[in-house]
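The sequence and the model come first.

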Amino acid sequence: MEKLVYVVWKPPAASDESFAGRPRENVAPRLAALGARGLTLHLVDADVKPALRARMTRLDPPVSGLVSFWLDAAD
């Protein structure tokens, strides 16, 4: 088993909400269909607005999310 973690950034013109919707609606189902297990999406959206002060902002632009999941083998 291997765990893959991807850091993601939204396009500058996209809102947090529109960006977060795409991985939930399109990417997650595709990864699951390809055999990903334990899929976790950490995305900036309205649900985490109260915690935005804790967001890592040293990068320009700041990170918009993390996508992590397990595979039998990454290769």
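Ser 68 is buried, its relative accessible area being 8%. Buried means under 20% relative accessible area, exposed means over 50%, and partly exposed is in between (1.4 Å probe, protein chains only). The residue belongs to strand 3. Leaving aside residues up to four places away in sequence, Ser 68 touches Lys 3, Leu 4, Val 5, Gly 38, Leu 39 and Thr 40; a contact here means heavy atoms within 4.5 Å.

This is a predicted model, in which local features need pLDDT of at least 70 and side-chain atom pairs count only at pLDDT 80 or more, while totals for chains, interfaces and linings use all residues. Residues are numbered from 1 along each chain as its sequence is written, and side-chain values use heavy atoms, with hydrogens and water left out.

## Overall layout

The protein has one helix and three strands, and from the N terminus on the order is β-α-β-β. Helices (H or I, at least four residues) and strands (E, at least two) are DSSP runs, numbered from the N terminus. Along the principal axes, the C-alpha atoms fill a box of roughly 35 × 25 × 20 Å.

Of the 75 residues, 27% count as buried. Among contacts with a separation of 6 or more, 71% are between residues 24 or more positions apart. The protein exposes about 5500 Å², of which carbon and sulfur atoms supply 57%; the areas come from the Shrake-Rupley method with a 1.4 Å probe.

There are 10 positive and 9 negative charges, and their mean positions are 5 Å apart. Lys and Arg count as positive and Asp and Glu as negative, without His and the chain ends; each charge is placed at NZ of Lys, CZ of Arg, CG of Asp or CD of Glu.

## Core and aromatic pair

The largest nonpolar core has ten residues: Leu 4, Val 8, Phe 19, Ala 20, Leu 31, Ala 36, Leu 43, Val 67, Phe 69 and Leu 71. Strand 1, helix 1 (16–33) and strand 3 are the elements that give two or more residues to this core. Such a core is a set of buried Ala, Val, Leu, Ile, Met, Phe, Trp, Tyr and Cys residues joined through side-chain atoms within 4.5 Å. Ala 20, one of the core residues, touches Leu 43, Val 44 and Asp 45 when residues up to four places away in sequence are not counted.

How many aromatic pairs does a search of the whole structure find? The search finds one. The ring centres of Tyr 6 and Phe 69 are 6.1 Å apart and the planes are at 20°, so the pair is stacked. Tyr 6 lies in strand 1 (residues 2–8) and Phe 69 in strand 3 (residues 65–71), so the pair ties together parts that are 63 residues apart in sequence. Rings of Phe, Tyr and Trp (its six-membered ring) pair if their centres lie within 6.5 Å; planes under 30 degrees apart count as stacked, over 60 as edge-to-face and the rest as tilted.

## Accessibility and separations

| Residue | Relative accessibility | Class |
|---|---|---|
| Tyr 6 | 43% | partly exposed |
| Phe 69 | 5% | buried |
| Ala 14 | 21% | partly exposed |
| Pro 50 | 71% | exposed |

Ala 14 sits in the loop between strand 1 and helix 1. Its C-alpha atom is separated by 27 Å from that of Leu 34, 20 residues apart along the chain. Pro 50 is in the loop between strand 2 (37–43) and strand 3. The C-alpha atoms of Pro 50 and Ala 33 are separated by 33 Å, at 17 residues apart along the chain.
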